[in-house]
Structure formats: structure tokens, C-alpha cells
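Subject: Structure handover and notes

Hi there,

Here is the structure I promised to pass on to you. Please have a look at it first, and then read my notes below.

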Amino acid sequence: MRTCDRDMKNTDRRSRLRLLIFALAWVTAGLMPQPADAQNSKISWDSRRAFEYLKKICEIGPRVSGTGGMVAQRKMIIDHFRQFDCEIRAQAFDVAHPQTGLPVRMTNLVISFDPTAKNRVLLACHYDTRPFPDRDRTRPRGPFIGANDGASGVALFMEMAHQLKTIRPRYGADFVMFDGEELVYSAQDKYFIGSEYFAKWYRDEPPEYQYVCGVVVDMVADKNLALFIEKNSWKMAPKVTQSIWTTARRMRVKEFISKEKYEVRDDHLALNQIAGIPTTDIIDFDYPYWHTTRDTPRSCSATSLSKVGRVLLQWLTEVPIEPRSK
Ligand SMILES: [Zn+2]
């Protein structure tokens, strides 16, 4: 993903007002008696297992689109999800490599739980890693493992899958893993190839189901987790954003901070703007090892992953958003 500094100072007034109303509601909610499910949440989570998934993904090494590392990771993911009662689809297409012009095979993965449900929630992450850690001061051409920026979202979904059968999600749930989020060697190279392809497919060949809303997770395993509200999410998908941060508040997960901070360009833009699926981006953009060789499991935390996973599982049982009538 990338930031959009240009607009960072220019938060529009409507957005601020919405945030103020939300903040008031949020404070009030904290003073109210808590529903039983928030205090004695039945949501379970195996922190150690989830973190093992993150480490196992990183042991593959770099997972750049079109490389052997990516193929190995894809096989691992598919093997993992085969143990569950879900449908696994691959959406494959070719793009020209930004440097050589040769075709690169891209593959988005769509893993559907309760696949016959007509109303669904989209949970997405990217699973490719950036070719180089170009923000690394000493080794900008060193290895990039992408423990937080890449593996964290995949590991989160791998563990969530274990828990889905014991909770009752309000809607069908799709884990969508995008390829080609950052097959990027220089500033002009194209980001978000996988999510744009997916969003165009959804718009141009609408399936029989609809996504009521969506969530993108990116960099959710940072040791010092701080999840501020991302500005584009707040502008484009305020209800979804508010509902997740409210669930976190009820569960007393303080790492979800209901203040706007960064404006980030990420896979959620295509989902909002092309597919018309209101989608929020849960992203920790204060990660000090972003695009460096130190984005490894040592910079990540099982507890952080667990906090995000538990909030999302609880939220899936509620999703206070109604389907649009077609
Ligand atoms: Zn990145």
C-alpha cells in the first residue's frame, strides 16, 4: 500500500463531523452497561497456532507475484483450507511484468464459508510480498519477508477459519487473498493489480450473491499495534468502519483507536470505487519496519494478531449493515 500525503492535511468537514458524532456515540457506549457477549465473549482463538502460521508463511521466503515462493505459499494456503467445509476458488489472469514485459500469472484466492448464502461479507488481504525492502536504509536490495506486510493477513484468516464453525456469522464469509498488491519496482509501477481485477469482475459479471460490505486487513501483527481509522475508509465506508471500531470498544480492545490518522491507498479503494462494496481498511501504518528487511516474525506479535482476529470474529456475528436491495 502507499500513503497519499497530498490530502493528509485536508480532511473534509463532513468527514470530521461524522467522526465527532461517532466519537460521542463511542464514549456513550462505554458508559452504558455492556452486553453479556462483550464481557464474556465466546470467541476463542489459538494465538500460538495463528502465530505458527505466520512463521510458516515467512519460512517460505519472499513471495513475490509470479515466483516460486508465491506458488509454494498458494499451495500451502489451499492445503490448509481444504480441512474446512468451504469452497476454494482461484481467479487467475496474466499481466505484463513491470520490468521485463513478460507475462506474470496472477492468482486471487476466494475461500467461501457458507457458500450458498446470498448475502456475504468480504474479508480480504494481499498475499504477495514486495520485491525489495526499498525503505531499508542499509539493505534496500536485501531480502523482504513481509511478516506483517503480507503474512499477517493470511495467518489471520487461516486461524479465523478454525473458529468460524463455533460462531454464527450473520452472513456468508469470503476470505479473499489478492495477488499483485505490490509488484512494484519503481514509483510508476502499478499497485493493487489483484484487487482491481477482482473488483472489475464483481462489477462486470455480478455473481448471484452480493457482498454486503468488506474489510481489508493489512499489517495487523505489529508488536506495538495501533489501529487508527484510515481516512479513505472513513470517507467511503463509514458504517462498516464505525461498526468494527465499536465492536472493539465493547470488547475493550484498545488497539482500535477511534481517531483518523493516515490516508492510505490500499486494496480497499478498488472494492469501494469499482465494485461498490463499502469496505474498510484495518491497517497499522505506524509499523517502523514497513518495507524493510526487519519486517520479520520478530517484529510481530501473536497477541496483536489475536486481538484483531477476535474483534473480527465477534463483528462477523453482528455486522449491523443491511443488504442492499437489488
Ligand atoms: Zn507493502
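A quick definition to begin with: two residues are in contact when they have heavy atoms within 4.5 Å. You are looking at a predicted model, in which local features need pLDDT of at least 70 and side-chain atom pairs count only at pLDDT 80 or more, while totals for chains, interfaces and linings use all residues. Residues are numbered from 1 along each chain as its sequence is written, and side-chain values use heavy atoms, with hydrogens and water left out.

**Around Cys125**

Cys125 sits in strand β4, residues 119-126. Strands here are DSSP runs of E with at least two residues, helices are runs of H or I with at least four, and both are numbered from the N terminus. With a relative accessible area of 1%, Cys125 is buried. That label means under 20% relative accessible area; exposed means over 50%, and partly exposed is in between (1.4 Å probe, protein chains only).

Which residues does Cys125 contact, leaving aside its neighbours within four places in sequence? They are Gly153, Val154, Phe157, Val176, Met177, Phe178 and Val217. Asp149 is 24 residues from Cys125 along the chain, and the two C-alpha atoms are separated by 9.7 Å.

**Salt bridges**

- Glu255 and Lys307 form a salt bridge, with their closest N and O atoms 2.8 Å apart. Glu255 is in the loop between α8 (238-250) and β8, whereas Lys307 belongs to helix α10 (residues 302-318), so this pair ties together parts that are 52 residues apart in sequence. Glu255 is buried at 18% relative accessible area, while Lys307 is partly exposed at 27%.
- Glu263 pairs with Lys235 in a salt bridge, the closest N and O atoms being 3.3 Å apart. This pair links distant parts of the chain, 28 residues apart: Glu263 lies in the loop between β8 (256-260) and β9 (264-265), and Lys235 in helix α7 (residues 231-236). Glu263 counts as buried, at 3% relative accessibility, and Lys235 as partly exposed, at 37%.
- Lys190 and Glu196 meet through their side chains in a salt bridge of 2.8 Å, N to O. Lys190 is partly exposed, at 44% relative accessibility.

Terms used
Salt bridge = Lys/Arg side-chain N within 4 Å of Asp/Glu carboxyl O.
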